[in-house]
There are 2 protein chains.
Amino acid sequence: VYYLVGVDLGGTKIATALTDTDCQILKYDAVRTEAVRGPEAIIDQMVSEIRRVIEDLPKESVLGIGVACAGLIEPSTGKVLYSPNLDWRDLPLADMIARRLDYPIYVGNDVNMAALGELHYGAGIGKRQIVCVFVGTGIGGGIVIDGHLYEGANGFAGEIGHVTIDWDGPDCPSGNAGCWEGFASGTAMQRRTLAALDRGEPSMLAEMLHGDPSKMRVELIAEAAAKGDALARRIIAETGELLGAGCANLVNILNPERIILGGGVIRGVPELVDMVDAVVRRRALSDAVAGLDVVRARFGREAGVIGAAVLAKLAGKP
Amino acid sequence: VYYLVGVDLGGTKIATALTDTDCQILKYDAVRTEAVRGPEAIIDQMVSEIRRVIEDLPKESVLGIGVACAGLIEPSTGKVLYSPNLDWRDLPLADMIARRLDYPIYVGNDVNMAALGELHYGAGIGKRQIVCVFVGTGIGGGIVIDGHLYEGANGFAGEIGHVTIDWDGPDCPSGNAGCWEGFASGTAMQRRTLAALDRGEPSMLAEMLHGDPSKMRVELIAEAAAKGDALARRIIAETGELLGAGCANLVNILNPERIILGGGVIRGVPELVDMVDAVVRRRALSDAVAGLDVVRARFGREAGVIGAAVLAKLAGKP
């Protein structure tokens, strides 16, 4: 029997899974990232998590370890070029893990890994041209071309959150202006809701927050909408339109067979999937949408560890 | 010695070329499309043009005939699904030509064919990830992934002119709103210039038009700009910004090695290439632009016939 290990390394959480060779999770563990202690300490923490899930397994039964890491990763070397969440720059992550653990180590961008998981074991099975759109604090993308994850000329393809949908709009730290994620991410939903409350728009959300704006969450907006709150409903409808506008752009450029929507905002407000589908059908070219469907991602929070295990599986193949 | 034939079939012109097997033009001929006479007459016209360029060649020396056609083409069948320029719908173009001419016939979208020509014999030689952006009356695109033209799930990829850069902007016949080509095409440049003249902005263009707004051309704007006309310069600078904003979107999505800019507007205002380069470097993610260059297309009006010959060459290969 053989096994794979998938790790999802983020700024707040390190999740580690042991999987079988079909990337099904057998063991799972998550700990808080001790981000303030710097890279060496975080890597030690991650390595002890990995050791925990593989503890009593014969060495040769573990085929490889995949790590999904937030940020810009150089896929060929497993180097973290820049990770804002971890505050890392030019860190040879794969090498640093390999110094501590004698297994094949592979590192990929966390969003790309989530797309890889959907492609091989999730909502993308059997499809060859896919765009995965993960909506959370930002918007990340994974592009599948001819059945393979497309990484671009040097590994940075799929930064779909930084597509402008308002060329003269507000500046984004990315260098661009009017970025899609500034309009349609969970962060944008929360910001727009709080701004409406500040303007005095009536909403049960004012009470639900108990006077603490930092308690604003997408789940709370969804809860208020379910109870008929007009502001919450309007914010969700606007988000559907804005998400759909950005997805229509991807359809007109890439003509995919399927759009897979995932991430915390979609989990919190699943009806966004149908809203996006309707907007894409209205805005994108009719011939390009004729063969398209818009579906929800199969995997939730576990998407990263599963995708990382898929990376290790694919990379380990001759 | 072997030959190829490339045809560029547009709403106003049918251009036909005989090329060698390196797709170099040996003979070239162009006639006005007799568009009012309907598809059978146009195809007859095209076939007599093809016969003219291959007249005295031994049959077996002509390896194939490629046709670049404006509109939505189904690449696998050579069917024209929709061509607004020719006012055709669901026309089996490849079959209709094959009934008249006993050679292998291949049909592709004209913009994709121009990209194919650049990839194999033009500004894209040696590059594997390319985005071609052709700016004329609209904006068309050709996407090259891993050294091959990417056509999407059913042949409609690359409709980059219909990416919204203003999600709440003016409606476009495509179904989308705020489409890039509505801001940054030659048509948009002419429209904005005429609107400024209407508002009474001082410009030598008012005189250059001799009172006839239908004489407005991108070349005229370029001429006025070269003479220091403030309005013409502003229109060109704005177009550089708008073209660059849309190209930055493509860079953040696709992370290409090279952007190739072509089409009538780029031929008329070549300084747009440097302007777009600067805007892309400012707006797109710095890691994605690190390995990118922005260059001018090699081919001009002949791009279609050359690309069509390339299609015939590639398709004819075992």
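Figure 1. At 17% relative accessibility, Phe183(A) is classed as buried (under 20% relative accessible area; exposed is over 50% and partly exposed in between, with a 1.4 Å probe and protein chains only). Because the ring centres of Phe183(A) and Trp167(B) are 6.5 Å apart and the planes stand at 65°, the pair is edge-to-face (rings of Phe, Tyr and Trp, the latter by its six-membered ring, pair if their centres lie within 6.5 Å; planes under 30 degrees apart are stacked, over 60 edge-to-face, the rest tilted). Phe183(A) belongs to helix H4 of chain A and Trp167(B) to the loop between strand E11 (148–150) and H4 of chain B, so the pair joins two chains (helices, H or I, of at least four residues and strands, E, of at least two are DSSP runs numbered from the N terminus). The model is predicted: local features need pLDDT of at least 70 and side-chain atom pairs pLDDT 80 or more, whereas totals for chains, interfaces and linings use all residues. Residues are numbered from 1 along each chain as its sequence is written, chains are lettered from A and ligands numbered from 1 in the order written, and side-chain values use heavy atoms, without hydrogens and water.

**Figure 2. The aromatic pair of Trp167(A) and Phe183(B).** Over all chains, two aromatic pairs are counted. Trp167(A) and Phe183(B) form an edge-to-face pair, with 6.5 Å centre to centre and 65° between the planes. This pair also crosses between chains, with Phe183(B) in helix H4 (residues 180–184) of chain B. Trp167(A) is partly exposed at 22%, and Phe183(B) is buried at 16%.

Figure 3. Arg52(A) and Glu49(A) are joined by a salt bridge of 3.7 Å, N to O (a side-chain nitrogen of Lys or Arg within 4 Å of a carboxyl oxygen of Asp or Glu). Both residues lie in helix H1 (residues 38–54), three residues apart, about one turn of the helix. Glu49(A) is buried at 2%, while Arg52(A) is partly exposed at 46%. The structure holds 32 salt bridges over all chains.

**Figure 4. The salt bridge of Asp44(B) and Arg100(B).** The two side chains meet at 2.7 Å, N to O. Asp44(B) lies in helix H1 (residues 38–54) and Arg100(B) in the loop between helix H2 (93–98) and strand E8 (105–109) of chain B, so the pair ties together parts 56 residues apart in sequence.
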